[in-house]
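Colleague: I am new to this one. Could you walk me through how to read it?

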Amino acid sequence: MTPLAKIYEHFSSIRSTDGRPSRLPNALSFLVQIFAMLLPHPIKCFLLRSVLGWSIGENTKIGYSIILCGRVRIGANCQIGHFNLFRDLKTLEIGNETKILNLNHFMASKEKDWPDSFSIENNSQITSRHFFDCSGGIRIGNLCLIGGRDSQFWTHFYDSRDEIRRIKWHELTVADRCYVCARATLVYCKIPPDSVVGAGAVVTEDFSKEGTGLLLAGNPAKIKRRLIASLPATPDDAPDFNDYDGARLS
């Protein structure tokens, strides 16, 4: 074990009881990642595995991004682009063949007993400039596309009832083979498999009991159409969602 790894292991024992890294391990992790940015990808991944204890699959590339998480598992053949920020999550799980492009922000809460987790399964993609509030936990399935830009995913809310008056959380899930178009807002909702969330839609309901293959659009989002569900066996068999993008969703 390298001297730096011993130092990180020592200070990681100061980790807060909720599983989120304390400030000191976060600072060390930040410094290690800044140094690793200067290295070739194979050496960079080796350093992140050996010093920070991350699980990283083969042929995975991580750009100029900062990941401050308690536990990190990234699959094989993944790509994480530049200037993404994963801040104070307890767990980050990314499946095989999944891509996260640039300038995305993943944030956690300040509450000790909240999930503060983000997971995305295999062969999915998140484009650039999206925001994810991971306080209550976000789960995205296989063969999903978070497309366009400026979509927001929210998992906490303020309960204004007189007898409660406090911040609460609910998990947000996007099932397999879904497409979320640009500038959509998802608020602790559930999206069923093979569905499309239209551009600018605001989804606030659990649609998981409404069947599969839904086209959701509007504010608040409603079922505009029932699509013909496709069940691709491989990424190459995934349906072409181009017909559902942008203004065509009106």
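Modeller: Gladly. Grid points are joined across faces, edges and corners, and a volume is the space filled by probe spheres set on the points. This is a predicted model, where local features need pLDDT of at least 70, side-chain atom pairs count only at pLDDT 80 or more, and totals for chains, interfaces and linings use all residues. Residues are numbered from 1 along each chain as its sequence is written, and side-chain values use heavy atoms, leaving out hydrogens and water.

Colleague: What volume does the largest cavity have?

Modeller: About 40 Å³. The structure holds one cavity of 30 Å³ or more. Residues lining the largest cavity include Gln33, Met37, Leu48 and Trp54. Helix 2 and helix 3 (41–52) each supply at least two residues of that lining; helices here are DSSP runs of H or I with at least four residues, strands are runs of E with at least two, and both are numbered from the N terminus.

Colleague: In what order do the nine strands of the open sheet come?

Modeller: Two strands pair if DSSP finds at least two bridges between them. Here the order is 2-4-6-9-12-17-20-22-23, with mixed pairing. Strand 2 (61–62) and strand 23 (222–226) each have a single partner strand, so one side of each lacks a neighbour in the sheet. Strand 4 (residues 79–80) and strand 6 (residues 99–100) run parallel, joined by two bridges; Gln79 has Lys99 as its bridge partner in strand 6.

Note on methods. On a 1 Å grid over the protein atoms alone, a cavity is a set of points where a 1.4 Å probe fits but cannot get out, and a pocket is an open set with protein on both sides within 12 Å along at least five of seven lines; lining residues have an atom within 4 Å of a point.
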